[in-house]
Amino acid sequence: MKLTLSIPLLLSTLVASKSFLFGNQQQPLVDGSLSVPGDNPLSFCADPSDYILTIEKVDLDPNPPEKGKALQIKAKGNFTQNIEQDAYINLSVKYGLITLINTQADLCEQMKEVDESCPLEGAKDFTKDVTLPKQIPRGTYTVLADVYTKTDVQVTCLRAIVHFS
């Protein structure tokens, strides 16, 4: 059970770092790509111009993440509106075609993992170090994090695909 929970925690940390703390100006989708700026496996679910969170950059070191090694996440972004208590994240984690997690979590509680608290507002810049367990099973993991305010306005939506060998 501990292993099953550690993988989603890692991936939700990747998504949280991406989806919750980013820069003031969204990078234009010049090439039509939905990739999140920076060195990372993240992409937006749709054109991010309507999202409350503007992501400037997210960098992972190493990218891609490696099991049993330290992972550093650096993120920068901007909330164009204040995010209050009762905001939430719909989180789905799949291993191949198998759903490991499909849950709704309190966004403000999750932000404590990156030393932030609600209300979330304005520019955010942070660095988070995590150590990935060696026991992560080989395979491809897909994470979807769809974030909403307490009044159901979309803050951001991100996808990440990570392969562990």
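This is a predicted model: local features need pLDDT of at least 70, side-chain atom pairs count only at pLDDT 80 or more; totals for chains, interfaces and linings use all residues.
1. Overall composition. The protein contains 2 helices and 8 strands, and along the sequence these elements follow the pattern α-β-β-β-β-β-α-β-β-β. Of the 165 residues in the protein, 44% are buried, while the accessible surface amounts to about 8,400 Å², with 47% of that surface belonging to carbon and sulfur atoms. Among contacts with a separation of 6 or more, 65% are between residues 24 or more positions apart.

2. The open sheet of 5 strands. This sheet has the order E1-E8-E7-E4-E5, and its pairing is antiparallel. Strand E1 (42–44) and strand E5 (98–106) stand at the edges, and because each has a single partner strand, one side of each is left without a neighbour in the sheet. From one strand to the next, the twist averages 15°. Within the sheet, strand E7 (residues 139–148) and E8 are paired in the antiparallel sense over 10 bridges, and Val-143 stands opposite Ala-160 in E8.

3. The open sheet of 3 strands. Here the order is E2-E3-E6, again with antiparallel pairing, and the edge strands are strand E2 (53–61) and strand E6 (120–131), each of which pairs on one side only. The twist in this sheet averages 10° from one strand to the next. Strand E3 (residues 70–83) is joined to E6 by 11 bridges, and Lys-74 has Thr-127 in E6 as its bridge partner. Also in strand E3 is Asn-78, which is buried because its relative accessible area of 8% falls under the 20% limit; its side chain reaches the backbone nitrogen of Ala-123 at 2.8 Å.

4. As a separate matter, Cys-45 is placed in the loop between E1 and E2, and, leaving aside residues up to four places away in sequence, Cys-45 touches Leu-34, Tyr-51, Leu-144, Cys-157, Leu-158 and Arg-159. The C-alpha atoms of Cys-45 and Ala-160 are separated by 9.9 Å, although these residues are 115 residues apart along the chain.

5. Backbone geometry to inspect. Most residues other than glycine have a negative phi, and most peptide bonds are trans. Against that background, the peptide bond from Asp-61 to Pro-62 is cis, with omega near 5°, and the bond from Cys-118 to Pro-119 is likewise cis, with omega near 5°; Pro-119 is found in the loop between helix H2 (107–111) and E6. Two aspartates carry a positive phi: Asp-86, at about 80°, and Asp-115, near 55°. Asp-86 has its place in the loop between E3 and strand E4 (88–95), whereas Asp-115 lies in the loop between H2 and E6. Asp-86 is exposed, with a relative accessible area of 52%, and Asp-115 is also exposed, with a value of 67%.

Notes: Residues are numbered from 1 along each chain as its sequence is written. Side-chain values use heavy atoms; hydrogens and water are left out. Two strands pair if DSSP finds at least two bridges between them. Helices (H or I, at least four residues) and strands (E, at least two) are DSSP runs, numbered from the N terminus. Axes are lines fitted to C-alpha atoms, for helices over the stretch in contact, and angles run from 0 to 180 degrees between N-to-C directions. Buried means under 20% relative accessible area, exposed over 50%, partly exposed in between (1.4 Å probe, protein chains only). A polar contact is a pair of N or O atoms within 3.5 Å; within protein, one must be able to donate a hydrogen and the other to accept it, and residues adjacent in sequence count only if both atoms are side-chain atoms. Contact means heavy atoms within 4.5 Å. Accessible areas come from the Shrake-Rupley method with a 1.4 Å probe; for residues, only the protein chains shown count as cover.
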